[in-house]
Amino acid sequence: MENAVIKVEKSGLTTSVQDLGRTGYQQYGMVVSGAMDPYALQVGNLLVGNERNAAGIEAVIMGPKLQFLKDTVIAICGADLSPQLDGKDIPMWTSIFVHKGQSLSFGQPKKGVYTYIAVAGGIDVPVVMGSRSTYVKAGIGGIEGRFLQKDDLLPSGKVTGKNRVRRLPDNLIPNYQSDQKIRVILGPDRDAFLQESIETFLTGTYEITKQTDRMGMRLNGSKLQHVTGADIISDSIFPGTVQVPANGQPIILLADRQTTGGYTRIATVISVDIARVAQNLPGRKLQFEAISVHEAQTLRIKQEKILHQLAVGAGVF
């Protein structure tokens, strides 16, 4: 492959190509997919001079081993999986020049679950419905619609940004192990729950179960009681939707969520907190806090301003 920039030496655990997902097709039943931690992917792209939506490599807990076939610039953002270049530790949230023949590997997972390897020019796989994201269940996007395998070759696109060493200021790096409550907007089916259950949801502690993947995260805690039943006429699903089936245990829907669902929705995790949910391993415990739509919008605008400042080169050094 003439423009290959990376050769996969070891695939790691469910490593895939992801961008910000395919939007505009949920009306036809096609899921959005995309990065589980959109902030980390976008920061990585901006640090190497890409557009925010460029495709990168999403690694999960046990990262891959990648050999670089040409000189390029990379940035690793998200979970700290102990990245190393030719066996030497390298910093995260920083753009790094790499040379042809060097190898990127990962060691002991320290913080978080999903990390992103952004490459100058982006990973240039075919666009399917406006996105390069891998959606394995449908077999589309990425490399043949599957997780990466040994000996895969990954091409890069045209480098249009400025390749200069930059790093994200420490105060903008997310704390994935924070005990801060996950912020939610209640509803849209809050009236389907007993008021006592709303209070239980907001004051209780819920443990992440092993039934967790890119589609969603099942929780275990105090049972939430419905007024009449758990089923509704199938309605739209959003990133962060918290469904509660008949067993009374919440499910937080994530990147590979379905487009509609027939379970009552007690709340929706706000957009800036979805990564904080996704970056937790089974066994971790979550607590929730209700905020207003206006507060959620204010927080989203603040995050957008940070990304804009990175895009224009402000706040980085």
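**Sheet and pockets**

Me: In this predicted model, which residue in strand 9 is the bridge partner of Leu85?
Reply: Start with the two strands: strand 6 is residues 83–85, and strand 9 is residues 103–106. They run antiparallel. Look along strand 9, and the bridge partner of Leu85 there is Leu104.

Me: Which strands are the edge strands of the open sheet?
Reply: Six strands form that sheet, with antiparallel pairing, in the order 7-6-9-4-1-11. An edge strand here pairs on one side only. That picks out residues 88–89 and 153–155, in other words strand 7 and strand 11.

Me: Switching to pockets, which element gives the largest share of the lining of the largest pocket?
Reply: This pocket holds about 710 Å³ of space and has 32 lining residues, with Pro38, Pro239, Ser271, Ile274 and Arg300 nearest its centre. Helix 1, strand 18, helix 3 and helix 4 each give two or more residues to the lining. The largest share is seven residues, and it comes from helix 4.

Me: And how many residues does helix 4 give to the lining of the second largest pocket?
Reply: That pocket has about 520 Å³ of space and 19 lining residues, including Arg183 and Gln303. Helix 3 and helix 4 are the elements that give two or more. Helix 4 gives the most, and its count is four.

Conventions:
Residues numbered from 1 in each chain as written. Predicted model: local features only at pLDDT ≥ 70, side-chain atom pairs only at ≥ 80, totals over all residues. Heavy atoms only, no water. Pairing = 2+ DSSP bridges. 1 Å grid on protein atoms, 1.4 Å probe; cavity = no way out; pocket = protein on both sides within 12 Å on 5 of 7 lines; lining within 4 Å. Points joined across faces, edges and corners; volume = space filled by probe spheres on them.
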